[in-house]
Amino acid sequence: AMRTRTDTLTLSLATRWHLSENAHAFALTDIFHRRVRYQGQNHAPQTRLRSKEAHLSFALSGTHRLSIGRLRFSDPRKRAMDAVGDGVHLGYKTPDWGWEAALFKDAFGQRGLYALAHVHRFSRNRVQGTYALIEDVDGENRAHLAGYTQSRIFGAHLFDLGISAVFGDAANLRRAGIAADATMTHQFRYRDWKPKLTFGLAIGSAGYQEPALASHKTKDDGQTLFKRFGTVFQPRLTNLAIASASFGLRPSRDFSLDLRAHAYAQVNASTVTPIARVSGQPNGLSRHDGLEVTIVAGWRPRKATKIELGAGIFKPGRAYQSRRPAKRLFVRLTQYF
């Protein structure tokens with residue numbers, strides 16, 4: 001396992017201008033200083049200035065809005081996309097449904113061009129939507145089609161299901177792939193600590209290729225942003241099945257704690273290295289990739305201060321030639337001014 005320590009100090013500056021009754025401008029800039037220590041060696045520190053958002057937005061009517069510039073593209077579930085792009089976005093929204101269309105390119109890596117269309121309906125207890133995303137990334141062309149639904153059942157149960165397919169330059173030299181991702185959450189509302197229990201199952205075929213914009217980040221109604229498929233392993237869904245279970249506490253709006261466990265298995269035994277944060281060579285003799293246990297927590301003692309931490313361990317399974325565990329620990333302190 002790689003031993004890496006990263007220290008980052010970030011200063012964010014956000015500004016909003018009301019140009020007229022129907023137009024405004026917004027800018028968000030990060031200044032960050034980073035030091036990395038890898039395998040006992042200190043790398044040269046880096047200080048960078050990065051524009052994360054800078055756009056003009058115009059209200060064309062009470063329901064239509066046009067935005068141009070550097071935009072944040074993120075769907076509510078943060079499964080289809082979570083990225084910054086340069087382009088144009090047109091959106092329409094009413095109290096019960098909406099649609100959006102966008103053309104943009106990757107703002108930082110300059111790797112991809114994208115076209116997006118998304119339609120969704122929502123009510124008090126249900127959200128449903130479909131989207132199409134066409135991407136040209138590193139000379140490869142793919143079309144993603146997906147549908148999702150999120151429903152509250154009997155008040156205390158939340159069911160989430162997403163089904164997606166990819167066509168074109170898919171993974172493992174395939175022309176297409178499919179994936180499904182389902183979770184069921186039970187909220188114990190009658191307890192002071194508001195415990196919640198979640199079970200999930202996600203499966204991606206050997207040819208499934210996620211959008212390059214996907215991040216799998218979630219807050220799960222808490223204070224900490226973490227990777228929902230594992231803080232240490234952080235895999236993509238290509239040729240992979242993931243069974244997850246988590247137990248969370250929400251005693252107040254200022255504190256959250258989640259204990260999470262994941263089991264990973266290849267759909268088809270393979271010697272192809274999975275796309276994940278932890279590197280390792282599969283032996284092709286087993287489908288069991290391994291297990292991970294993670295704890296993440298967030299506390300906001302004041303409105304302008306937030307403390308986040310996470311710790312996890314991933315134990316490779318019989319599919320790997322090396323069985324050495326990988327560990328990760330992160331601590332973040334955020335101060336808003």
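Modeller: This is a predicted model, and the questions below take its labels one at a time.

Biologist: Why is His 89 called buried?

Modeller: Its relative accessible area is 17%. Buried means under 20%, so His 89 is buried. His 89 belongs to strand 6, residues 82-93.

Biologist: What makes the link between the side chains of His 89 and Glu 100 a polar contact?

Modeller: The two side chains are 2.6 Å apart at this contact. The cut-off for such a pair of N or O atoms is within 3.5 Å, so the label polar contact applies. Glu 100 is also among the residues in contact with His 89, including Arg 65, Leu 71 and Phe 73.

Biologist: Why is Leu 60 called exposed?

Modeller: Leu 60 has a relative accessible area of 54%. Exposed means over 50%, so Leu 60 is exposed. Leu 60 lies in the loop between strand 4 (46-59) and strand 5 (64-74).

Biologist: How many aromatic pairs does a search of the whole structure find?

Modeller: The search finds seven. One of them is Phe 104 with Tyr 114, 5.2 Å centre to centre with 20° between the planes.

Biologist: What makes the pair of Phe 104 and Tyr 114 stacked?

Modeller: Planes under 30 degrees apart count as stacked. The angle here is 20°, so this pair is stacked.

How values were computed. Residues are numbered from 1 along each chain as its sequence is written. This is a predicted model: local features need pLDDT of at least 70, side-chain atom pairs count only at pLDDT 80 or more; totals for chains, interfaces and linings use all residues. Side-chain values use heavy atoms; hydrogens and water are left out. Helices (H or I, at least four residues) and strands (E, at least two) are DSSP runs, numbered from the N terminus. Buried means under 20% relative accessible area, exposed over 50%, partly exposed in between (1.4 Å probe, protein chains only). Contact means heavy atoms within 4.5 Å. A polar contact is a pair of N or O atoms within 3.5 Å; within protein, one must be able to donate a hydrogen and the other to accept it, and residues adjacent in sequence count only if both atoms are side-chain atoms. Rings of Phe, Tyr and Trp (its six-membered ring) pair if their centres lie within 6.5 Å; planes under 30 degrees apart count as stacked, over 60 as edge-to-face and the rest as tilted. Lists of a residue's contacts leave out its neighbours within four places in sequence.
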